Amino acid sequence: MADRSDLTALLADPEPFLTHDDPELRRLAVAAATPSAEVVAAIGDMLGSDPDPAVRRECAEVLGATATGDPELLLAALGDPEAFVREAAATGLGEVGATKVVRTLETVAADPDEDKLVREAAVASLGAIGDAAALPVLLQLVAAGPPQLRRRCVVALSVFEGPEVEDAIRAAANDRNPMVREAAEMIVGRNAG
């Protein structure tokens, strides 16, 4: 556990702590550092190499929040052995918003062997990006995915237009799962008003 002097020093200047032996201090440094180009590069390196999964997750969150640059590091993190790192990477890709990641996010969202939270994050990111190329996967999953994924798909579909989207959302308003129905009813009500 970090002592008070380390925490005080980290708050004053987080960058030196990016390479500290204590993973909790590294994680805090990633969160606290000003995302200059140099810091973003260091965090990108840490995302792919830090031995601590909590640090890698923080790196993915920060890289997504900066919403700048090449999403390749976040794409690579979709292969991380820890699901919560992959979830942060999928969420970050939605924040970056690059259309070139849509196919990869579709694959993650449709993979029944992937962690459910990672799949949900991929669906949410597809909605955030809003590329019409994602419609077939979203329409398929809203009709036949697990309940949490169907609910996420309803929300993701709300950014799209077209008769197939309206039909899918109206069908979701009659879904057997109350959470899916509620999400769809909110969108149907919003569009009617």
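Here's a quick briefing on how this chain is put together. What you're looking at is a predicted model. The chain has 12 helices and 0 strands, and its 193 residues include 45% that are buried. Its C-alpha atoms fill a box of roughly 60 × 35 × 30 Å along the principal axes.

**The overall picture**

- Read along the sequence, the pattern is simply α-α-α-α-α-α-α-α-α-α-α-α.
- Take the contacts between residues at least 6 apart in sequence: 54% of them join residues at least 24 apart.
- The largest nonpolar core has 59 residues, and the members that touch the most others are L47, L74, L105, V123, L138, V154 and L157.
- As background, nonpolar side chains tend to be buried together in soluble globular proteins.

**Helix α8 and its two partners**

- Let's start with α6: the axes of helix α6 (residues 83-96) and α8 come within 7 Å and cross at roughly 5°. Angles under 35 degrees count as roughly parallel, so α6 and α8 are roughly parallel to each other.
- On the α6 side, the contact is made by A83, R86, E87, A90, T91, L93 and G94. Facing them from α8 are L117, V118, A121, A122, S125, A128 and I129.
- Sorted by class, the contact of α6 with α8 has 9 nonpolar, 3 polar and 2 charged residues.
- Next comes α10: the axes of helix α8 (residues 116-129) and helix α10 (residues 147-157) come within 8 Å, with a crossing angle of roughly 10°. That angle makes α8 roughly parallel to α10 as well.
- Here K116, R119, E120, V123, A124 and G127 of α8 meet Q148, L149, R151, R152, C153 and A156 of α10.

**Helix α9, a helix with two sides**

- The buried residues of helix α9 (residues 135-144) are L135, V137, L138, L141 and V142. They sit on the same side of α9, because they cover an arc of only 160° around the axis.
- If you're wondering how that spacing works, an α-helix has 3.6 residues a turn, so residues three or four places apart point the same way.
- Among what covers the buried residues of α9 are α7 (102-110), α8, α10 and α11 (163-172).
- L138 is worth a look too: beyond its neighbours within four places in sequence, L138 is in contact with V123, L126, C153, A156, L157 and F160.

- V154 lies in helix α10, and V154 counts as buried because its relative accessible area is 0%.
- Setting aside neighbours within four places in sequence, V154 is in contact with V142, I169, A172, V180, A183, A184 and I187.
- V142 and V154 are 12 residues apart along the chain, yet their C-alpha atoms are separated by 6.5 Å.

**N177, a buried loop residue**

- You'll find N177 in the loop between α11 and α12 (178-192).
- Buried means under 20% relative accessible area, so N177, at 18%, counts as buried.
- Leaving out neighbours within four places in sequence, N177 is in contact with P147 and R150.

Note on methods:
Residues are numbered from 1 along each chain as its sequence is written. This is a predicted model: local features need pLDDT of at least 70, side-chain atom pairs count only at pLDDT 80 or more; totals for chains, interfaces and linings use all residues. Side-chain values use heavy atoms; hydrogens and water are left out. Axes are lines fitted to C-alpha atoms, for helices over the stretch in contact, and angles run from 0 to 180 degrees between N-to-C directions. Helices (H or I, at least four residues) and strands (E, at least two) are DSSP runs, numbered from the N terminus. Angles under 35 degrees count as roughly parallel, over 145 as roughly antiparallel, 65 to 115 as roughly perpendicular and the rest as oblique. Contact means heavy atoms within 4.5 Å. A nonpolar core is a set of buried Ala, Val, Leu, Ile, Met, Phe, Trp, Tyr and Cys residues joined through side-chain atoms within 4.5 Å. Buried means under 20% relative accessible area, exposed over 50%, partly exposed in between (1.4 Å probe, protein chains only). The arc is that of the directions from the helix axis to the C-beta atoms. Ala, Val, Leu, Ile, Met, Phe, Trp, Tyr, Cys and Pro count as nonpolar, Asp, Glu, Lys and Arg as charged, and the others, Gly among them, as polar.
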